[in-house]
Amino acid sequence: MRTETPVSVQLSDYKPYPFEIEQVNLRFDLDPDATKVRSELKVRRTGGAGDALVLDGEGLTLRSISIDGQALDASCYEQTDKALIIASVPDVFTLVTEVEIAPSQNTALSGLYMSGGRFCTQCESTGFRRITFYPDRPDVMSAFHVWMAADKATYPILLSNGTPGETGELDDGRHYAVWDDPHKKPSYLFALCAGDYDVYRDSFTTMNGDEIALAIHVDKGDADRAAWAMDSLKRSMTWDEQTYGRAYDLGVFNIVAVRDFNFGAMENKGLNVFNSAYVLADEATATDADFEAIESIVAHEYFHNWTGNRITCRDWFQLCLKEGLTVFRDQNFSADMRSRPVQRIKDVIRLRARQFAEDAGPLAHSVRPDHYGSIDNLYTATVYEKGAELIGMLRRMIGEELYRKGMDLYFERHDGQAVTIEDFYKCFEDVTGEDFTQFRLWYAQAGTPEVTVEENWKPETREIEITLKQKTPPTPGQPVKKPVPIPLEMALLDEEGNLAEWTTILEDEDVTLTMEMPDTVTEPPLVSVNRDFTAPIRLNRSLTREQRLAMVRMETDPFNQWDAVQTLVKDEILALSEGSQAEPDDALVTALAGAVEQAVDDPAFAALLTRLPEVGEMFLERQPADAVALNAARKKLQSALAAKLSGFSAETLGKPTPAPFDPGAEQAGIRALRTAMIVLLGVSPDAGAADTLRGLYNNATNMTERLAALRAYTVQKGGKANEALADFEQTWKDNPLVMDKWFALQATTGDAETIKTLAAHPAFDLRNPNRVRSVVAAFTMQNLAAFHAPDGSGYQAVEEIILKADKANPALGARLLTAFEQWRILEPQAKAAAEATLKRLQSAGLSSNAADIVARALG
């Protein structure tokens, strides 16, 4: 059996590339089966006189090679399956290589490949080496000039980075186009797209008065569905000018939507390539969650223009510098576009669901790791979401004014450079005069810090002592942790409101705060900690049930009020799952229902209050984790809440949905509450719930409510759910993005047999990441009771699919395997089945990407 065990790359081994690539001239003769790529590199030695020229290259057929116009004899260079090595080169020279590649055979979707009969590239992180020989690393930045030619009838639009130049006709019905990018960039930001598209066009005038031509290229007939993406782009451009003083710097900005894409989108300079799921939307085909995701991801990729493109990473260990920083920027954009408290809660839900789980398992790694086996496997929640939280903590600690000054200095000092975390923080040290050495421990240490809060009320002196203690649990390779600076926004509360508010920075292992209350305070105040989730930590508190209920009632911080509800609900689900109580506590259900009804003026927040913690979120609360028991307990509590809110639900759903449809925050909030009530109908004990849901499905005027009703109807397991599923399939069978939803709905509500049935469906396509994720990722991440079935049936259902996906697309295969990251904390039977599955996979000849994940999971 062949298993490609990846060689570990060490941060400590970093060395600058010994040559500068001053200019890259690329010439593409595009053909699906035999594309010819001519590369002309103008090279200057910057390292030692004896350094060989080593160029990355994989899957390339070398046709010719020359230096300064002289063809090289085969004895002058060595070509391996990973590189081209020329031992002796001049100090200044021009290297020309000609290679041939087959985009139509590229199922890994890395490099140059075909999607829907069109050419497309994806070069981050190491895809450019599959296009031509080049030092494929982020610290080698060069100016790119691109000439490309293709059949005009089949590929009438030819796009690349930068500014469009000369175009013209060639013989045999072919044509050509020239593109120049005036900004030096690393190879991972190179992009090329060629095909026949419909184009949605608009323009934007920058704060400098420059007119920018905007264009979104989509499948034929889909141009109108790009309107929301264009609107999001223009709002992003305005926001970046107003918030960071950053204007766009080219005359054109192009987006191309492709169906076959490993990720959400890619920020290539001036030519963003998007998964079509994050471009195309209208009320008939997209949910509010889709509209919100499009708004966020369009903003994210646009913001990369400065945080990632103009300033990039010195090496891939610094990935969080571009991704964490840009996630922080897009989160704040979304908060400004919508409800800041609701956005904060959603951000934390994602962080806890994915990143906290990552930190607690065998795949734990630091935000900036000191080694990796496969860089593709470090595009994780730790790098993105936790990386964003670190930027948020920095801003809270120094204040918005100094944060903006530090960012301005960062843009001024490092424009056009490939930099490190240390370079970034040096800018903030210079504007604040502070030393951020200890704060950077957040980047070096894996794991989620746990903060214990102890309170001591002294009635004779009306003093309250608050002791804060921090501890970060051991993680693989890091058994001992140092204290990190933890900013905590805090408050003291009574029935009248806030008695005091302040920010504490917990820098040591523990600290005790003593505060004296005024004469009017005779009872111990409630302590509110980590308001607005100021730090990515877990809180340990010994509060009574009465205190927690009082916190829900008295809390003035929206996040902490929501979190207090979540804490109570988690305790209830645990008690139900462990059999310590048979039925949900009516007082809690009544309080929860009351909180929902009282929040009706903010429907988006009210909808969040109905959301019970997912099964995966409960895994970290008590171990071993029994997914089946937790799921049953969660449903029991959800059913009780549905019964308690039945009147409110009927009233909410009895009102017409907002019309005409608007994807903005106000209407989306109203629909969020309506769909929350639809979700509760799915577990309602009411005998008529199924018929109500079928009526809601039939009469829905938008995809948000139609899909919610179909899912809830399916969950009910009664009525004629299969007929509704068949109706949905028949209606949308020709729309791939909507069909992804159909597959995902069944994967999240079915069992192992459902997965096997979906995998055998004629429309299931292993070559398309969206379709594979709609089945496997939906099942393994959102249907944990079925995935972690004690008999191992859930693991067996996805095992073969993962193996096949890995052979075609290693990046996809590895990403799917992260579903096993929590296997060690499962109840014994499921744990044993998961371990057996991982061992079978390990011996099955995995790609290096997948082998890295499995090896780390098994330890």
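Let me start with a word we will need for arginine 329: a residue is buried if its relative accessible area is under 20%, exposed if over 50%, and partly exposed in between, using a 1.4 Å probe and protein chains only. By that rule arginine 329, at 0% relative accessibility, counts as buried.

Before going on, some housekeeping. This is a predicted model, in which local features need pLDDT of at least 70, side-chain atom pairs count only at pLDDT 80 or more, and totals for chains, interfaces and linings use all residues. Residues are numbered from 1 along each chain as its sequence is written, and side-chain values use heavy atoms, leaving out hydrogens and water.

Back to arginine 329, then. Where does arginine 329 have its place? It is in helix 3; helices here are DSSP runs of H or I with at least four residues, strands are runs of E with at least two, and both are numbered from the N terminus. Arginine 329 touches Trp239, Asp240, Tyr244, Phe303 and Thr307, not counting residues up to four places away in sequence. Contact, by the way, means heavy atoms within 4.5 Å.

Helix 3 itself covers residues 319-337, and 17 of its 19 residues are buried, so by the under-20% rule the helix is mostly covered. The expected span of a helix is 1.5 Å times one less than its number of residues. For helix 3 that gives 27 Å, and because its end C-alpha atoms are 27 Å apart, expectation and model agree.

Now to the sheets. Two strands pair if DSSP finds at least two bridges between them. On that basis, 5 strands form an open sheet with mixed pairing, in the order 17-18-19-21-20. Which strands are at the edges? They are strand 17, residues 198-205, and strand 20, residues 265-266, each pairing on one side only.

Another open sheet has 3 strands in the order 4-8-7, with antiparallel pairing. Strand 4, at 53-56, and strand 7, at 78-79, are its edge strands, each pairing on one side only. Strand 4 pairs with strand 8, residues 83-86, over 4 bridges, and leucine 55 stands opposite leucine 84 in strand 8.

Aspartate 56 also lies in strand 4. What is aspartate 56 in contact with, leaving aside its neighbours within four places in sequence? The partners are Lys82, Ala83, Arg129, Thr132, Phe133, Tyr134, Pro135 and Asp136. From C-alpha to C-alpha, aspartate 56 is 9.2 Å from threonine 126, though 70 residues separate them in sequence.

Next, please look at strand 9, residues 92-101, where 8 of 10 residues are buried. Strand 3, residues 35-45, runs antiparallel to strand 9 and is joined to it by 10 bridges, with glutamate 40 opposite valine 96. Strand 5, residues 61-67, also pairs with strand 9 in the antiparallel sense, over 6 bridges. There, isoleucine 65 stands opposite threonine 97.

On to the rings. A search of the whole structure finds 45 aromatic pairs. Rings of Phe, Tyr and Trp (its six-membered ring) pair if their centres lie within 6.5 Å; planes under 30 degrees apart count as stacked, over 60 as edge-to-face and the rest as tilted. Why is the pair of phenylalanine 779 and phenylalanine 787 edge-to-face? Because their planes are at 80 degrees, with the centres 6.0 Å apart. Phenylalanine 779 is buried, at a relative accessible area of 0%, and phenylalanine 787 is buried at 0% too.

Charges meet rings here as well: a charge sits over a ring if NZ of Lys or CZ of Arg is within 6 Å of the ring centre and within 35 degrees of the ring normal. Arginine 235 has its charged end over the ring of tryptophan 228, 4.8 Å from the centre. Arginine 246 lies over the face of tryptophan 306, at 4.6 Å from the ring centre.

My last stop is proline 769, found in helix 22, residues 769-782. Proline 769 is buried, with a relative accessible area of 0%. Its C-alpha atom is 8.5 Å from that of phenylalanine 263, 506 residues away along the chain. Leaving aside neighbours within four places in sequence, its contacts include Leu109, Asp260 and Phe261.
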